[in-house]
Amino acid sequence: MSLNRYAILIGAIAFAIILIFDPQYLKIFLVIFIFALLLMSEQFKAPLKFIYSCFLKPIGNNVDQRSRLDSFYEDQAEVYDATRGRLLRGRYTMLKVTAEQLRKQMTNTSRKPIWVDIGGGTGWNIEKMNDFFPIEQFDKVYLVDLCTPLCKVAESRFKAKGWSNVYVVCDDAVSFKLPKIEIDTGKIDLVTMSYSLSMIDKYYPVIDRIKTLLCPNGLFGIADFYVSGRVIDSNIQVQKGYNCNWFTRWFWQIWFEFDHISLHPSRRNYVEYQFNTIKCFNGRNHFLIPYLVQIPYYIWLGTLKSSVSTSLENSFEILDHLD
Ligand SMILES: C[S@@+](CC[C@H](N)C(=O)[O-])C[C@H]1O[C@@H](n2cnc3c(N)ncnc32)[C@H](O)[C@@H]1O
């Protein structure tokens with residue numbers, strides 16, 4: 001007998017007992033029973049786990065970041081991809097524009113590119129990138145992530161795909177070492193970060209490290225939540241839809257801080273201060289509730305300030321927003 005049938009049987013017996021002895025508890029019983037049914041149903045398991053892990057489960061303030069991430073994601077690692085499609089918007093578009101730019105830059109070389117996805121989680125980006133830039137056409141692809149349960153999901157995903165040039169590095173974005181490369185300085189063609197820049201505690205050293213990793217025309221792609229500052233930093237190239245109003249700026253910063261996610265403008269400002277913008281999109285994610293919910297997010301593609309990439313002269317906003 002399936003779990004659902006057990007739930008119905010037990011529920012029916014309990015219901016009969018309550019009706020016989022005390023019908024006033026009927027409402028409470030019904031609520032608990034419906035909740036139990038939802039918990040047992042496969043269809044509702046993923047969203048309920050997501051709601052519990054994101055909004056109800058205490059994360060703890062004093063533990064180190066690795067333990068905090070492990071505890072946050074351990075219950076939801078298996079349902080992670082199924083629950084993030086609508087929340088983490090812009091990843092697909094970021095991969096598409098990044099792949100297009102990468103292809104342009106690799107036209108005059110026989111060398112295969114090397115890609116590092118920092119805070120890559122379950123490996124969703126790498127699997128999707130295959131639609132735009134086949135993984136076999138990379139020399140090496142690295143997924144760096146500090147969270148063991150998510151790294152395990154990524155490892156089995158890549159094993160199932162049979163990709164022998166993809167490596168999972170379960171380490172901190174600040175200090176990771178890339179296997180199979182002796183000196184990584186100036187060797188990386190592409191670095192991406194989707195929804196991880198806002199989650200990494202020590203972001204200054206990570207952004208500085210990316211600068212040293214990238215080869216002269218190397219690319220850096222980001223998709224993430226953000227809020228603008230009250231005063232726009234004069235170093236950044238302001239694009240359409242960038243500004244956020246007072247409520248948006250404060251509400252979303254406070255909301256995400258419960259999950260140790262920082263939307264403070266300093267992160268994006270520092271990236272745009274250190275790199276040149278090639279392409280950019282500022283959007284609002286109406287997650288589940290149109291108009292009322294407007295989470296600011298951005299897709300950004302940049303390169304080193306010293307880059308001689310010709311496409312910089314044609315720098316423009318991302319128009320065809322896919323996801
Ligand atoms: C919201 S998830 C995004 C995962 C993935 N990039 C995606 O788009 O689905 C943020 C990721 O950043 C990782 N992360 C947070 N801090 C990190 C750090 N210091 N070093 C490496 N990864 C980190 C988390 O473990 C998590 O997988």
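## Around the ligand

The shell around the ligand is made of 11 nonpolar, seven polar and four charged residues. Here Ala, Val, Leu, Ile, Met, Phe, Trp, Tyr, Cys and Pro count as nonpolar, Asp, Glu, Lys and Arg as charged, and the others, Gly among them, as polar. This is a predicted model, in which local features need pLDDT of at least 70, side-chain atom pairs count only at pLDDT 80 or more, and totals for chains, interfaces and linings use all residues. Residues are numbered from 1 along each chain as its sequence is written.

Which of the 22 residues around the ligand come nearest? They are G119, G121, C147, A173 and S196. Two elements, α4 (65-73) and α7 (124-129), each give two or more residues to this shell. A residue is near a molecule or strand if its C-beta atom, placed from the backbone, lies within 6 Å of it. Helices (H or I, at least four residues) and strands (E, at least two) are DSSP runs, numbered from the N terminus.

## Parallel strands and their crossovers

Let's turn to strand β2 (residues 140-144). Four of its five residues are buried, so β2 is largely enclosed by the rest of the structure. Buried means that 20 or more other C-beta atoms lie within 10 Å of the residue's own, with C-beta atoms placed from the backbone.

Five bridges pair β2 with strand β1 (residues 114-118) in the parallel sense; two strands pair if DSSP finds at least two bridges between them. W115 has V141 in β2 as its bridge partner. From β1 the chain passes through α7 to β2 in a right-handed β-α-β crossover. Right-handed means that, with the strands pointing away from the viewer, the path from the first strand over the helix to the second runs clockwise.

β2 also runs parallel to strand β3 (residues 166-169), joined by four bridges, and V144 stands opposite V169 in β3. The crossover from β2 through helix α8 (residues 148-161) to β3 is right-handed.

In helix α11 (residues 265-274), R267, R268, V271 and E272 are buried. Why do they sit on the same side of α11? Because they cover an arc of only 120° around the axis, taken from the directions from the helix axis to the C-beta atoms. Their cover includes α9 (203-213), β5 (214-225), β6 (275-285) and β7 (295-304), where contact means C-beta atoms, placed from the backbone, within 7 Å.

In β7, 10 of its 10 residues are buried. β7 runs antiparallel to β5, with seven bridges, and A223 is partnered with I299 in β7. β6 and β7 are antiparallel too, joined by 10 bridges, and G283 has Y297 in β7 as its bridge partner.

Key. A residue is buried if 20 or more other C-beta atoms lie within 10 Å of its own, exposed if 12 or fewer, and partly exposed in between; C-beta atoms are placed from the backbone. Two residues are in contact if their C-beta atoms, placed from the backbone, lie within 7 Å.
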